[in-house]
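Please look through the structure shown below before reading on. The report that follows takes up its loops, its helices and the contact between its chains in turn.

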Amino acid sequence: MENDIGLWGVPLAILGGAIRVSTPFIFVSLGEAVTERSGRINLGLEGTLVFGAMAAYAIAVETGSPWAGVLAAMVAGAGFGLLHGWICSFPRVNDIAVGIALMLFGIGIAFFFGKPYIQPSAPNLPAIPLGDWSSLPQVRAALNVNVLFLLGAVLAVALWWAFKNTKIGLIVRVVGDSADSARAMGLSPTAVRLFATAFGGALAAIGGAYLSLYYPGSWNERISSGQGLMAVALVIFARWNPLGCFAAAMLFGGAGALGPALQSVGVTQGYYLFYAAPYILTLLIMIATSSPGRQLAGAPGELSITK
Amino acid sequence: MADMTASDVPAPLAPPRLSGALAFAARRAEGIVIPLAALIAGMAVFSLFLLALGKSPAQFFELMWRGGFGSWFSVQNALLRATPLLFAALCVALPARLGLTVIGGEGAIVLGGVAAAAFGHWLSGLPSPIVIFAMGLAAMIAGGIWIGAVGALRHYRAVNETISSLLMAYIAIALMNQLVEGPLRDPASLNKPSTHPLDAAYRIGPIPGMDVHWGLAVGVIACVACWVLIDKTRWGFAARVAGGNVRAAQIQGLAVGPLIVGFCALAGALAGLAGMFEVASVQGTANASLAIGYGYAGILVAFLARQNPLGCIPVAFLLGGIAAAGGLIQRRMGLPDATILVLQGMLFIVVLMSDTLYGRFKVFNPDRWKRAG
């Protein structure tokens, strides 16, 4: 058979899978990076992601336009972020606990409103066939890249640049490193964190929209397998650097694609353990990069999770 | 200081007994009144949500009362659902005393259930007390290792326990799926892969006089024991010191590492017991039904109870009753099954918001009552 490329199919499938699977990680981790840079952690992004997936799917079904779905998800996600930021602006309220509550709330309310949308099918987001130069169907499949992936890549570079070179980037960093100096500069840490959390929520919801509108491309109650949460760990691994977030997301995507890729060449043993590969990888990375003796390099000074 | 005589020490003001009691009551009342008020506020927010959907909150709460609390039948149903929540809540409340937010109890529950089912199958033929004891022990060890590892990673590697425990929960569920679909699978379980069903002799039956299994009694005892451990023993005291300030605790010579790992392992062991009772008393086998969110509901119970093990008992009963009424509410009001999740989420958010109220009300200040006396 001419098209049979044997075991070469595995790395190719992992590459294609990494591109497909990584997109939600890219958006959630970029959003969380901005939130954490402002000195607050939002663990509720898992709930935001699930609600974003539901909202995008529902609006895409109702309007026939997947992009309207993505927009609706962004609005909803920003709303969740504002809620988190607002609750955390009260004194003595713990941002980690609020994140857990919003995670459960977001998932619950997504299931609540999403029930009627499990059956109907929504239009998918478009993909760009970057592999048309090749005659191999495996290469074409691997390089069929969704528009959101490319947007995510652009956004990673843009955020990296903005943190370094823009006034807004500087404001977010100052607030994240020392609320006292920010106040001395006449900035309101509460307001900056509110917007940073809303921004993070909007991006996380785009990640959810990608799940329901492209890959796997349907809405159901098992749509997310913890991407929203893993992304939070990934931001720490990426040292709060947007470019690092992109690279780490690709790594995670590859790990997530390992199981299906091996299955495609006939390895079925231990399927569920391969399915757990991203979680195990996340945990190993956290173990390898944390240290009890010193604060993490690049950590925002006000971040509760690394204090 | 050396030349200070007894007469120099200001004599403590001897407050009348009544004002002392009032001061004590005021201090305790804050921790009861504020959560109750938050609970009511959360229900009010949920009522607005129902009104916005054109549903009747009155009907909702009437059904909730009927399905969860109104009759002996529904109370038993509530207690049955409260049982795993007791253990799951302790899995959050114990580490919380050390300042740790562990939210991966689900993983320990799942592995505890699988371990219990495996030992129940492997040891079949032995006398039932031995097998049941071994099942409980296996469940506690499995859960204890799982959450103990979270504590160890926290202390020795500074890995954030909130994230690591949740990752460990996902890994535990994958491990369960692997075991239940592979080495531990009962070939007779076709549609829903499960372990071999437990022999009837090794099932744990109901408490005499009710339809609720012994897990409830064990859970309540565990809550009381944990309260004693935290409030009345030196380990509990050490844990609270370490939870307040790790460095201060280390300067005091407390072994913070073993303390953290020990409390986390105990927390996981208790969550493992929840899985064991699910298998031995409810399901009769271990399968994906073990991971239906008890661990997550337990987080809510612990936070509502303000991480107090005794408080977990009434709160678990309350949430168990709400869950028990879920089916009735679904059928009568045409609401989706996620309605209960929405209510839980709203309660959780409002209760956390109420954290900001502590210390704001003069009524709860003991000094005020002392002076008044």
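## Loops of chain A

W240(A) is placed in the loop between α10 and α11 of chain A. The phi of W240(A) is near 60°, which is a positive value in a residue other than glycine. Like everything described here, this angle comes from a predicted model.

Another loop of chain A, the one between α9 (189–213) and α10, holds P216(A). The peptide bond that joins Y215(A) and P216(A) is cis, with an omega of about 5°.

## Helix α11 of chain A

Helix α11 of chain A covers residues 242–264, and its 23 residues should span 33 Å at 1.5 Å a residue; the C-alpha atoms at its ends are 33 Å apart, which agrees with that expectation. Just after α11(A) comes G266(A), which takes a positive phi of about 100°.

## Helices α1 and α10 of chain A

Helix α1 (residues 9–37) and helix α10 (residues 227–237) of chain A have axes that come within 8 Å and cross at roughly 55°. Because this angle lies between 35 and 65 degrees, α1(A) counts as oblique to α10(A). The crossing in which α1(A) passes α10(A) is right-handed.

On the side of α1(A), the residues that take part are P24(A), F25(A), V28(A), S29(A), E32(A), A33(A) and E36(A), and they meet Q227(A), G228(A), M230(A), A231(A), V232(A), L234(A) and V235(A) in α10(A). Sorted by class, the contact of α1(A) with α10(A) has nine nonpolar, three polar and two charged residues.

## Helices α4 and α6 of chain B

In chain B, helix α4 (residues 105–122) and helix α6 (residues 161–181) pack at an angle of about 25°, and their axes are 7 Å apart. Since angles under 35 degrees count as roughly parallel, α4(B) and α6(B) are described in that way. Their crossing is left-handed.

The residues of α4(B) that make this contact are E106(B), G107(B), V110(B), L111(B) and V114(B), while those of α6(B) include M168(B), A172(B) and L179(B). Taken by class, the residues of the contact of α4(B) with α6(B) divide into ten nonpolar, one polar and one charged.

Helix α5(B) has 30 residues and reaches 42 Å from its first C-alpha to its last, which is close to the 44 Å expected at 1.5 Å a residue. After α5(B) comes A158(B), whose phi is positive, near 60°.

Further along chain B, α11(B) and helix α12 (residues 309–324) pack at an angle of about 135°, with their axes 9 Å apart. The two helices α11(B) and α12(B) are therefore oblique to each other, and their crossing is right-handed. The contact is made by A297(B), L300(B), V301(B), A302(B) and L304(B) of α11(B) together with C312(B), V315(B), A316(B) and L319(B) of α12(B). By class, this contact of α11(B) with α12(B) has nine nonpolar, no polar and no charged residues.

## Where the chains touch

Which residues does each chain bring to the contact, counted by number? The contact takes 37 residues from chain B and 40 residues from chain A. On the side of chain B that touches chain A, the elements that give two or more residues are α5 (128–157), α6, α11 (294–304) and α14 (339–353). Of these, α6(B) gives the most, with eleven residues. The residues on this side of chain B divide into 24 nonpolar, ten polar and three charged.

Notes:
Residues are numbered from 1 along each chain as its sequence is written. Chains are lettered from A and ligands numbered from 1 in the order in which they are written. This is a predicted model: local features need pLDDT of at least 70, side-chain atom pairs count only at pLDDT 80 or more; totals for chains, interfaces and linings use all residues. Helices (H or I, at least four residues) and strands (E, at least two) are DSSP runs, numbered from the N terminus. The expected span of a helix is 1.5 Å times one less than its number of residues. Axes are lines fitted to C-alpha atoms, for helices over the stretch in contact, and angles run from 0 to 180 degrees between N-to-C directions. Angles under 35 degrees count as roughly parallel, over 145 as roughly antiparallel, 65 to 115 as roughly perpendicular and the rest as oblique. A crossing is left-handed if the near helix is turned anticlockwise from the far one by less than a right angle, and right-handed if clockwise. Two residues are in contact if their C-beta atoms, placed from the backbone, lie within 7 Å. Ala, Val, Leu, Ile, Met, Phe, Trp, Tyr, Cys and Pro count as nonpolar, Asp, Glu, Lys and Arg as charged, and the others, Gly among them, as polar.
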